[in-house]
Structure formats: structure tokens, C-alpha cells
Amino acid sequence: GLTRAALPGAPGGGGSSGPGGVRAVNLAELLQSSVGDEEPAPARRPPQEGTVLLFPGQGSQFVGMGRGLLRYPNVRDMFRVAEKVLGYDLLSLCLRGPQAELDRTLHCQPAVFLASLAAVEKLHHQQPSVIENCVAAAGFSVGEFAALVFAGALDYTEALYAVKVRAEAMQKASEAVPSGMLSVIGRRESNYNFACLEAREHCKSLGIENPVCEVSNYLFPDSRVIAGHLQALEFLQENSRKYYFKRTKMLPVSGAFHTRLMEPATEPLAEVLKSIKIQKPFICVYSNVDSKKYVHSKHIQRLLVKQLVSPVKWEQTMHAVYERQQGVEFPYTYEVGPGKQLGAILRNCNLKAWKLYKHIDVSEDEEAEEM
């Protein structure tokens with residue numbers, strides 16, 4: 001069983017007493033020492049505190065991911081199911097590449113989705129209390145599907161099928177128009193909306209009708225991803241000083257995700273989401289669209305479609321997840337899946353929360369260094 005529903009003590013397993021509690025204390029000390037914090041670890045987590053899981057998105061994939069996870073029995077089953085659902089050998093693609101094939105939208109979304117849930121299996125195996133005490137989850141773009149499977153809202157196989165349809169539709173939409181995504185590190189005085197407006201005007205002067213250029217990801221203060229027509233992004237790179245951009249970098253994706261250029265992908269995804277069973281999540285899962293918690297199944301169905309053409313409000317989501325009153329402890333946060341991007345973003349959004357962050361690796365097993 002992969003969903004939280006099947007895990008011992010779920011939902012809201014009371015791991016605070018008994019062995020779970022002891023485990024949590026050791027974990028607290030372990031994490032405290034690993035981040036080199038001077039303060040002694042608290043003897044006990046306050047009962048209202050649980051753990052938070054973050055699920056990465058497209059762009060975090062690499063050849064070799066999943067290798068360290070194959071000794072957890074469920075993970076092999078997950079790959080077997082994936083081969084049936086997808087019609088190709090995802091395991092071989094994850095382990096051996098080639099990177100160019102793994103990087104294609106239609107392959108990398110299912111790959112990141114599966115690798116993230118496989119990392120949850122590893123975490124459950126190594127530190128069951130982390131899973132039992134989980135109170136919230138969030139996923140970046142496709143990561144949201146993995147977060148919803150973890151939270152018991154979606155069935156693994158059905159969600160994987162939805163991700164397959166989504167990835168194929170996004171790949172197709174991105175091939176229709178020469179477009180892309182530009183990562184921007186700005187300054188306090190950067191005006192992203194004005195920059196996008198001028199880039200669209202530039203496109204119109206080139207004869208492009210209805211040009212698209214808008215913020216598609218809010219990552220952390222002074223960091224955005226802008227997506228749209230390639231000519232608009234080139235214009236922004238050439239004029240970056242005018243807009244007080246410190247650094248710009250084209251992302252290795254073939255389309256303008258999370259803008260209206262993804263409109264053609266919404267229909268296929270909406271259709272598949274109507275056909276699968278969606279339940280209310282056991283724990284809080286935050287939506288990329290409005291950075292609020294999902295309330296019910298219809299809400300999930302609607303926002304997962306809207307997410308394709310709306311900016312990912314990750315910075316706002318991090319504020320929502322970690323917002324707390326003065327003196328209330330931060331939860332332990334685990335990034336489950338390939339890469340440490342969400343950890344890097346968390347560090348820039350909330351340094352105190354980041355001090356209790358840990359990454360669950362999906363490549364080689366790092367048992368040796370944990371001993």
C-alpha cells in the first residue's frame with residue numbers, strides 16, 4: 001500500500017506517545033546536530049507539530065535516480081505498474097537514460113512522480129514516525145500529484161495515468177509554439193509585470209499575435225520564472241539591466257508551462273480527472289494555484305486543471321505552510337524525490353524552517369553514512 005491510508009497509524013497517527021515519541025526525539029537530536037545548530041534539541045516535540053513533506057517537480061530528474069530505492073519491495077512493484085500504464089520501461093529510462101529522453105516532458109513527469117513516491121517508501125522504511133506524524137504536504141507542479149497520492153486523495157495507478165496524459169498533452173502544447181521559460185533573479189526594484197508587458201509589446205512589433213509573456217513560477221523573494229514566446233524571453237535577456245534583473249537563465253524545457261500557452265493541454269487532463277476517483281486528503285495538501293489547502297475532491301479536480309495555465313505560487317505556499325505564531329516550533333521538513341531545489345527555495349523563503357530540512361535521496365543508498 002502506497003497511500004498514507006494504508007500506513008500504520010494513519011490518518012494522523014498518534015506517534016507522539018510510545019515508541020514513535022522516542023523515535024521523534026532521537027530524530028530531533030540527529031537533525032539538530034546535522035544542521036549544526038547551537039541550541040540543544042527540544043526534549044519533546046509539542047503535540048501540535050508534525051512533519052511536512054515536499055514533492056519536487058519537473059527539472060529535478062537525473063539519470064540514475066531510483067537506483068538506491070529498488071531494495072524496498074513496493075518500489076519494484078511501482079515500476080512494474082508504471083510499465084503497464086505507460087507502455088515503456090520507465091525503470092530503465094530512470095537508471096540508464098539517455099538524459100535527453102528522460103528530460104522530455106512526456107517522460108520526465110511520470111519519472112519524477114514515481115521517484116518521489118519511491119522516496120516516501122524509503123522514508124517510511126527508515127523512519128516510520130516521520131510518515132505517521134506528517135501533517136502537511138505540497139508538490140511543485142507535477143509534484144502535486146505525488147503529494148495527493150501520499151495524502152490518500154488519489155490512487156497511485158490512476159494518478160500515474162493522469163500524469164501520463166498531462167505530460168503528453170503538455171509536450172504537444174509546447175511543440176505548437178516556440179516558447180520557453182526564463183529563470184530570473186531580480187532585485188527589490190525589479191518590476192516583473194512591467195518587463196513582461198514591454199516584452200509582449202516587442203513581440204507585437206515582430207508581428208506575433210496575442211503574445212504570451214508572464215510570471216509562471218513564484219519561487220522566493222526576488223526570484224521568478226517568466227514564461228512565454230521565445231522572442232519575448234530573448235528580449236528580456238537582452239534588456240535585463242533595464243529591468244534590474246541580476247541574472248537570467250533559460251531553463252531546459254521546451255514550453256511555457258503554467259501560462260495560457262498550455263490551454264490545449266487542459267481538456268485532456270480535465271477528461272481524465274473526471275474519470276478517476278478523488279477523495280478528500282487525510283492531511284493538508286496545498287494547491288499551487290492559490291497556495292491554499294485543498295478542501296474537497298471537486299476542488300482538487302478543478303484546480304489540477306487550472307494549475308496548467310496558472311502560475312505556481314510556491315513562495316506563497318511556503319508562507320502558508322510555515323506560518324506560525326511567535327515561539328511555535330517549526331516542523332521537520334523532508335524533500336522526497338530527486339534534487340534539492342525545494343530545499344534551496346525554502347532556505348530563501350524561511351531560514352528557520354530550512355534548518356529542520358532534510359533531503360531523502362533517490363540515487364545511491366546512503367545507508368553507510370547514516371550509521
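Which residues of the largest nonpolar core touch the most other members?

A: A word on the source comes before the answer. This is a predicted model, in which local features need pLDDT of at least 70 and side-chain atom pairs count only at pLDDT 80 or more, while totals for chains, interfaces and linings use all residues. Residues are numbered from 1 along each chain as its sequence is written, and side-chain values use heavy atoms, with hydrogens and water left out.

The residues that touch the most other members are Leu53, Phe55, Phe113 and Phe150, in a largest nonpolar core of 102 residues. A nonpolar core is a set of buried Ala, Val, Leu, Ile, Met, Phe, Trp, Tyr and Cys residues joined through side-chain atoms within 4.5 Å, and buried means under 20% relative accessible area, with exposed over 50% and partly exposed in between (1.4 Å probe, protein chains only). Helix H5 (residues 105-126) gives this core its largest share, 10 residues; helices (H or I, at least four residues) and strands (E, at least two) are DSSP runs, numbered from the N terminus. Another core lies apart from the largest one and has 17 residues, including Tyr192, Ile208, Leu236 and Phe245.

Contact means heavy atoms within 4.5 Å, and among contacts in the protein chain between residues at least 6 apart in sequence, 77% join residues at least 24 apart.

Several single residues show what such surroundings look like. His107 is found in helix H5 and counts as buried at 11% relative accessibility; leaving out residues up to four places away in sequence, His107 touches Tyr88, Leu90, Leu93, Glu101 and Leu102. Ser216, in strand E4 (residues 213-220), is buried with a relative accessible area of 0%, and, its neighbours within four places in sequence left aside, Ser216 is in contact with Met181, Val225, Ile226, Ala227, Phe257, His258, Thr259, Pro311 and Val312. Ile185 belongs to strand E3 (residues 179-185) and is also buried, with a relative accessible area of 19%. Beyond residues up to four places away in sequence, Ile185 touches Phe220, Asp222, Ser223, Phe245, Lys246 and Arg247. From C-alpha to C-alpha, Ile185 and Arg224 are 6.7 Å apart in space, although 39 residues separate them in sequence.

The cysteines can be taken next. A disulfide is a covalent bond between the sulfur atoms of two cysteines, counted here as a pair of cysteine sulfur atoms within 2.5 Å, and a search of the whole structure finds 0 disulfides. The sulfur of Cys94 has its closest cysteine sulfur in Cys108, 9.8 Å away, which is too far for a bond; Cys94 is itself buried, with a relative accessible area of 2%. Cys213 is likewise in no disulfide, the nearest cysteine sulfur being that of Cys196, 3.9 Å away, and Cys213 counts as buried at 0% relative accessibility.

Helix H13 (residues 314-322) has Trp314, Glu315, Thr317, Met318, Val321 and Tyr322 as its buried residues. Seen down the axis of H13, these residues fall within an arc of 160°, so they line one face of the helix; the arc is that of the directions from the helix axis to the C-beta atoms. The axes of H13 and helix H14 (residues 341-349) come within 10 Å and cross at roughly 70°, where axes are lines fitted to C-alpha atoms, for helices over the stretch in contact, and angles run from 0 to 180 degrees between N-to-C directions. H13 and H14 are therefore roughly perpendicular to each other, since angles under 35 degrees count as roughly parallel, over 145 as roughly antiparallel, 65 to 115 as roughly perpendicular and the rest as oblique. Trp314, Glu315, Met318, His319 and Tyr322 of H13 make the contact with Leu342, Ile345, Leu346 and Cys349 of H14.

Some backbone details complete the picture. Most residues other than glycine have a negative phi, and most peptide bonds are trans. A cis peptide bond, with omega about 5°, joins Gly97 and Pro98, and Pro98 has its place in the loop between helix H3 (90-96) and helix H4 (99-102). Ser291, which is not a glycine, has a positive phi of about 60°; Ser291 lies in the loop between strand E7 (284-286) and helix H12 (297-306).
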